[in-house]
Each structure stands twice: as C-alpha cells, then as structure tokens.
Amino acid sequence: MSCTTIESNDANIVGIDPDWPHSWWSIRPASPLPNIAATGIGIFIDGYTQTGASANTSAPGQDAVLRVEIDGSGIVAGVTNGLTIGAGTNTITGLIINRFVGDGNPGTGNGIGITSSDTIRGNFIGTDASGTVDLGNAGSGIASSSGFSSNIGGSADADVNLISGNNADGITLSNSNTNLILGNLIGTRANGTSGLGNGGAGISLTGLGSGFNTIGGENPGEGNTIAFNVADGVSLTTAGTGNSIRGNSIFSNGTTSLHLGIDLGADGVTANDAPASLDADSRSKQPSELPRDYAGAGDGKHQDDYRNA
C-alpha cells in the first residue's frame, strides 16, 4: 500500500513502511504530454536534481534512489508514448516512467519514444520506485522509430537503465540505426539477478533500416543484462546489417522452443554452414556468421559475440 504526503523530508514521516526505502513525487497527467522537441536545442530533464535522489553506484545491480515518477495511468484515452522525444539532442535521466496505456493502435503505450539522437540513462522504465514491482507500460519500455545515434544507457554505473515489466519489448528499434545500447538491466529487478521480465523480447530490431546498432561491448560496464523476458533475448528477425551484440549476459529468456537468446529468423535454431558449403572466403566470413542463432533460453548465463555483417 502507498500513501500520499506533502512532506519533503523522509525523516519527518512517522511509521514509514520498511519495504519502501524512500518516498517519491508522482506526476499523474490526465492528458498526453507534449513532445519534448526544440530544433537545435538540447533539452535536459534530470530527476536527480530532486532532493534526496541519487544515481546508481552498484552495477551490475541498481541502487539508484529515484524520487520523480511519471505515472500514465490517468490518461484514459491512451498515448503513443509517455514521453516523446523529438528534434534536438535531448537527455532524459533520473525518472520512473510507468503505467502508460496504448491508444488502441499497434505499437503504442510505450514509456519513451525516440525519433532523433537522444540520451536515455539512469531511469526506471516499467517498474515502481523500488525497481522490484511490475508497473509496466502497455507497449515497450523504449521505442525508437527511424531514430539514429541515440545512447540508451552507458558504461558508467550512473548510466544504467532498469527496463522491466513492460507489456511489449524492453527496447524496440524500428528502422533505427547507429544507436548504442550499453549497460542496461532489461527484464530483471533492480538487483540484476531476479526476474521482472518484459512481455516481448528484451531488445527487438525490426526493418531493414535497423542497422549498425551496438548492443553491449567489450569494455567494463558496456554489457547489458537481458533476462527473464517472455520472448527472445535479442530479436533481429527482420533487421538490417552491421549490428553488433557483444559482451552481454543473456539468459532465461523465452517461453517456447522458438525463443532464443539471439534470434535471427523466428524459426528456432539455425544450423551453421557445413564446412563443405562454406564460401571460398569462409575464413573471413565465419566470425560474423557464428552463431547464426544463439539458444540462451533458460540455459544459464553466457556471453555473446555476434555481428550480422
């Protein structure tokens, strides 16, 4: 149970529930929010400026204290995105974004929608303030449609987004290219080890325009944890080329034999080329061909190295 208070200092609240480590401010709009867009001007929305908020210091877990929630449950007609980020180079950090519902059209009800080159870091998207309760958005946590060169997460502890509990994918890229997705928790609780899965894939790339995206990396802090999602860990079934998936921890995803850790074809595991059928230049091609599909659905933690060149 949650209660409402106007007290700004937790120390003055008597009998605070020990299961809730801190209080927070909840913004509950009754109508869709305006687009965040200013051509040529970067807009910076920083929830960490709220008194008592603090960024994560414990990756691979999440111990951030977030005190600003945007709760979309009051928008009865639904939305395409809770926050829509448009023209300009914008940053969203330190927010809890949850309970937005769709407007009846496919692909709506997303927590954050990206259409340009933006930075999304240090947020809880689809959970409550503790990062342990499912208050998912009806769509994806983050959806990028024809966006490019955005940064979702980052290698620093403070950059980690918790993207869990959403009804569709954790992150959806649709004809969206050259994005960096680094260091996030996708489908877990804030501790990074127990499940709070998204209802679709952890990350889904669709459309031939979704190319040259980077998911994870080899340097410290760059790998994402992608686990406990209902469908694939990472789905690239209709994506373009040049996508890199490296250094992530992908495990316990999927509910059927067709769901994989990394899925290229929506048809289960695809065997690698037999040695006799490899092209003449197979030695140079083989690193980017392997693995064709990466099982990783409930088979324990593993790291990945995949490039669809």
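The model is predicted, so local features need pLDDT of at least 70 and side-chain atom pairs count only at pLDDT 80 or more, while totals for chains, interfaces and linings use all residues. Residues are numbered from 1 along each chain as its sequence is written, and side-chain values use heavy atoms, with hydrogens and water left out.

**Salt bridges**

Glu69 and Arg99 form a salt bridge, with the closest N and O atoms 3.0 Å apart; the term stands for a side-chain nitrogen of Lys or Arg within 4 Å of a carboxyl oxygen of Asp or Glu. Glu69 lies in strand S3 (residues 68-71) and Arg99 in the loop between strand S6 (96-98) and S7, so the pair ties together parts that are 30 residues apart in sequence. Strands here are DSSP runs (E, at least two residues), numbered from the N terminus. Arg99 counts as partly exposed, at 26% relative accessibility.

Next, pick Asp71. A salt bridge joins the side chains of Asp71 and Arg99 (3.3 Å, N to O). Asp71 counts as buried at 2% relative accessibility. Show Arg28 as well: Arg28, Glu69, Asp71 and Arg99 are linked in a network of salt bridges.

Move to Arg246, which forms a salt bridge with Glu218 at 2.8 Å between the closest N and O atoms. Arg246 lies in strand S20 (residues 244-251) and Glu218 in the loop between strand S17 (214-216) and strand S18 (225-227), so this pair ties together parts that are 28 residues apart in sequence. Glu218 counts as exposed, at 62% relative accessibility. The structure holds four salt bridges.

**Parallel strands**

Select residues 171-174 and 203-206. These are strands S13 and S16, which run parallel and are joined by four bridges; two strands pair if DSSP finds at least two bridges between them. Ile171 has Ile203 as its bridge partner in S16. The bridge partner of Ser204 in S19 is Ser235.

**A pocket**

Finally, select Asn81, Gly107, Asn110, Ala143 and Ser145. Of the 18 residues that line the second largest pocket, these lie nearest its centre. Strand S7 (110-114), strand S10 (142-145) and S13 are the elements that give two or more residues to this lining.

Technical notes:
On a 1 Å grid over the protein atoms alone, a cavity is a set of points where a 1.4 Å probe fits but cannot get out, and a pocket is an open set with protein on both sides within 12 Å along at least five of seven lines; lining residues have an atom within 4 Å of a point. Buried means under 20% relative accessible area, exposed over 50%, partly exposed in between (1.4 Å probe, protein chains only).
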